[in-house]
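Trainee: Please take me through reading the strands, the helix packing and a few residues of a model.

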Amino acid sequence: MAVITMARQVAALGDEISAEVARKLKYTFVDRKEIERKIVELGFPESKLEKYDERKPGFFASLANARDEYLDYLLTAILGVAAEGNCVLIGRGARFILDELPNLVSFRFVADDKTRLERLKKEFDWNDKQAQARIDESETNRLGFHKSFFNINPHDPSHYHMTINTSLMDVDAASDVIVDVVKKFITPEKEEQGKKKIQELLMAQNLVNSLVFEHKVNINFLHAVVNNGKIILQGVADSNAIVEKALILARKLHPEYEIESVISVVQDFKTYQ
């Protein structure tokens, strides 16, 4: 069971190569639209999706409660896909959401500006100015999205197992390289470790969702970490009573775990819907 994540510049053939890798490996290809569909199925309003479409959220969308809501649904959707294994995910910060998986293999696709301009002009019948505007917009949006949600620069090549220049390599060649890397990198041991880790991550995220969405526990940036038989709750609350409520509920939901809190209590902390 391997989980493959793909990041890409616009017009760098990321979707085409990802689909071809999935075909050659007989994996499930999960693109942007499929992730969006899963987010909506989980309960996030479809009308709000555009505010977070791989871009830095605007002022109101970036306020704590709105941002947290989207991120919780995004994490749940991507973790759920990864738990099924043998999948190729593209975009939406999947590389950073799944960072802890031993069976994760990540790639990024780039191309020089001239090549990307020509591809966009041909695909959309645009002129140079229109194509360049699309490139600039995409770069700004993707950088803003990753900075806002993960405090990461997605352009840094050290985040990926491999970066492929599609100005120099076509879809077939690039997909062959990726298939070979995956087969050589993923071992049975990494597969077993990955299965265990993704179940822990998904369980922790489901706990967060239960506390926030079902029990309406008002803790901002709530996050749960599973470590050596313990669940550690993180976040920011404005009273000790709220923290205690979260601990009581978590212990009822997961009596098999020791539950601890490192939630910060800031009494004058305010957020907005």
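The dialogue below goes from the sheet to the helices and then to single residues.

Mentor: This is a predicted model, in which local features need pLDDT of at least 70, side-chain atom pairs count only at pLDDT 80 or more, and totals for chains, interfaces and linings use all residues. Residues are numbered from 1 along each chain as its sequence is written, and side-chain values use heavy atoms, with hydrogens and water left out.

Trainee: What is the strand order of the open sheet?

Mentor: Strands of a sheet pair through backbone hydrogen bonds, either parallel or antiparallel. Two strands count as paired if DSSP finds at least two bridges between them. Helices (H or I, at least four residues) and strands (E, at least two) are DSSP runs, numbered from the N terminus. Here five strands form an open sheet in the order β2-β3-β1-β4-β5, with parallel pairing. At the edges are β2 (28–30) and β5 (162–165), each pairing on one side only. From one strand to the next the twist averages 20 degrees.

Trainee: How many bridges join β1 to β4, and how many join β1 to β3?

Mentor: Strand β1 (residues 3–8) is joined to β4 (residues 104–110) by six bridges, and Ile4 has Val105 as its bridge partner in β4. Four bridges join β1 to β3, where Val3 is partnered by Cys87. The pair β2 and β3 is parallel too, over three bridges, and Phe29 stands opposite Val88 in β3.

Trainee: Which way do the residues of β3 point?

Mentor: Cys87 and Leu89 point one way, Val88 and Ile90 the other, and all are buried. Buried means under 20% relative accessible area, exposed over 50%, and partly exposed in between (1.4 Å probe, protein chains only).

Trainee: At what angle do α9 and α10 pack?

Mentor: Axes are lines fitted to C-alpha atoms, for helices over the stretch in contact, and angles run from 0 to 180 degrees between N-to-C directions. Helix α9 (residues 188–214) and helix α10 (residues 240–253) pack at about 130 degrees, with axes 11 Å apart. That makes α9 oblique to α10; angles under 35 degrees count as roughly parallel, over 145 as roughly antiparallel, 65 to 115 as roughly perpendicular and the rest as oblique.

Trainee: Which residues meet there?

Mentor: Contact means heavy atoms within 4.5 Å. Leu207, Ser210 and Leu211 of α9 meet Ala246, Leu249, Ala250 and Leu253 of α10. By class, this contact has six nonpolar, one polar and no charged residues. Ala, Val, Leu, Ile, Met, Phe, Trp, Tyr, Cys and Pro count as nonpolar, Asp, Glu, Lys and Arg as charged, and the others, Gly among them, as polar.

Trainee: Is Lys197 buried or exposed?

Mentor: Lys197, in helix α9, counts as buried because its relative accessibility is 18%. Not counting residues up to four places away in sequence, Lys197 touches Glu100, Leu101, Pro102 and Val226.

Trainee: Where is Asn86 found, and what is its phi?

Mentor: Asn86 is in the loop between α4 (64–84) and β3 (87–90). Although not a glycine, Asn86 has a positive phi of about 45 degrees. Its relative accessible area is 32%, so Asn86 is partly exposed.

Trainee: And where is Asn151?

Mentor: Asn151 is in the loop between α7 (128–150) and β5. Asn151 is not a glycine either, and its phi is positive at about 50 degrees. With 60% relative accessibility, Asn151 counts as exposed.
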